[in-house]
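Please look through the sequence and the model below before reading on.

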Amino acid sequence: MNRSKVLLDCDPGIDDALAILLACASPEIDLVGVTTVGGNSLVETETRNALAVLALAGRADVPVAQGCARGLIKDLTPATDTHGLGGLGYATLPPPRAEPLAQHAVDFLIEIILAQPGEITLVATGPLTNVALAVRKAPRVVGAVKRCIVMGGAFRHEGNMPPRGEYNVWCDPHAAHIVFHAGLPLTLVPLDVTYRCLFREQHVQRLASRISPHSPLADFPSPLLTFIADATRFYIEYHRAAQNIEGCAINDALTMALVFAPDLVTTQALYVDVELGDGPGHAGTYADFWKLTGKPPNMHVALEVDVERFMHLFVERMAGLAARTMM
Ligand code: BDR
Ligand code: CA
């Protein structure tokens with residue numbers, strides 16, 4: 001099998017953690033590194049989470065590099081209401097044994113991408129600060145990256161940050177502006193599709209029965225199932241309380257799935273810009289759907305998603321990983 005080499009830049013984060021697990025669970029993916037960027041939590045917390053989640057998946061060998069602690073211009077606004085103080089909801093994981101690399105994430109991204117031109121798929125599921133700096137520091141990255149899949153933006157969706165922004169873009173709109181206009185082979189995965197992929201209690205139950213069809217889980221606990229159940233319970237409570245939604249949007253896991261199953265979504269080539277002003281449109285993403293600007297498309301935007309297929313795929317992949325990590 002031709003495996004895709006994936007570099008994940010993330011801010012774990014519950015759904016980022018699920019994206020890491022999905023990468024580890026998928027034979028189509030060769031996860032070559034994880035970098036962290038300040039977003040959902042302090043970057044130090046996220047780095048620890050990335051290492052701990054990789055260890056949970058049996059992939060403590062994957063290198064992790066810590067990146068920027070805050071946006072290019074904006075200060076950090078951690079999403080502790082969404083992801084909990086430690087970033088992983090109610091889940092607790094053993095302290096990781098592995099250490100992060102001494103190298104800064106931006107330099108690590110540049111080094112890995114330039115060393116293997118045309119081979120690395122960059123998946124970004126946090127604020128785009130590290131990616132923007134990599135592009136500015138080493139513009140050759142733009143031509144060397146195979147594909148860049150970014151979770152961010154909201155178009156025909158009301159957003160999840162005031163007044164109608166999306167968290168990753170909202171945290172660092174200036175970085176998003178750099179990345180959107182850099183000329184990268186970019187696919188954007190906005191809330192329009194991710195908020196349709198809701199992980200619910202019934203998925204936890206389905207996963208539990210797939211992992212342990214015959215014996216009560218209490219007798220045979222799966223650390224992976226316990227992690228997913230505890231992390232998503234917090235995330236589900238947040239979505240219910242803050243947005244009146246049943247289930248939690250597993251934004252970043254859908255983004256990771258597009259590495260090997262791009263046909264899960266329908267995309268449109270569009271010219272997209274981000275609002276940098278402080279007015280009511282702050283950090284909003286705007287697509288030129290009717291080609292009024294005359295500007296050529298700068299990305300592919302996912303606008304439809306096969307929800308059932310993705311949720312089935314996600315549960316099955318987690319069941320497979322749980323079986324592997326229990327052996
Ligand atoms: C994005 O914001 C973060 O809180 C999630 O991890 C996801 O990447 C959704 O807007
Ligand atoms: Ca994220």
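## Ligand 1 and its surroundings

Around ligand 1 there are 13 residues, the closest being Asp 15, Asn 40, Asn 160, Glu 166 and Asp 252, where a residue counts as near a molecule if one of its heavy atoms lies within 4 Å of it. This is a predicted model, in which local features need pLDDT of at least 70 and side-chain atom pairs count only at pLDDT 80 or more, whereas totals for chains, interfaces and linings use all residues. Residues are numbered from 1 along each chain as its sequence is written, chains are lettered from A and ligands numbered from 1 in the order in which they are written, and side-chain values use heavy atoms, with hydrogens and water left out.

| Residue and its atom | Distance to an oxygen atom of ligand 1 |
|---|---|
| Thr 125, backbone N or O | 3.0 Å |
| Asn 160, polar side-chain atom | 2.8 Å |
| Asp 252, side-chain N or O | 2.7 Å |

On its own, ligand 1 has 290 Å² of accessible area, and the protein covers 97% of this; such areas come from the Shrake-Rupley method with a 1.4 Å probe, and for residues only the protein chains shown count as cover.

Helices (H or I, at least four residues) and strands (E, at least two) are DSSP runs, numbered from the N terminus. Both Asp 16 and Asp 252 are buried, a word that stands for under 20% relative accessible area, while exposed stands for over 50% and partly exposed for what lies in between (1.4 Å probe, protein chains only).

## Arg 70 in its loop

Arg 70 is placed in the loop between β3 (64-66) and α3 (80-83), and its relative accessible area of 35% makes it partly exposed. A polar atom of the Arg 70 side chain lies 2.7 Å from the backbone oxygen of Ile 73, and the side chain of Arg 70 also reaches the backbone oxygen of Lys 74 at 3.5 Å.

## Backbone details

Most residues other than glycine have a negative phi, and most peptide bonds are trans. Ala 283, however, has a positive phi near 65°; this residue is buried, with a relative accessible area of 1%. Lys 291 likewise has a positive phi, of about 55°, but Lys 291 is exposed, with a relative accessible area of 61%. A cis peptide bond joins Pro 12 and Gly 13, with omega about 0°, and another joins Pro 162 and Pro 163, with omega about -5°. Gly 13 sits in the loop between β1 (4-10) and α1, and Pro 163 in the loop between β5 (147-151) and α7 (167-171).

How values were computed:
Polar contact = N/O pair within 3.5 Å; in protein donor to acceptor, adjacent residues only side chain to side chain.
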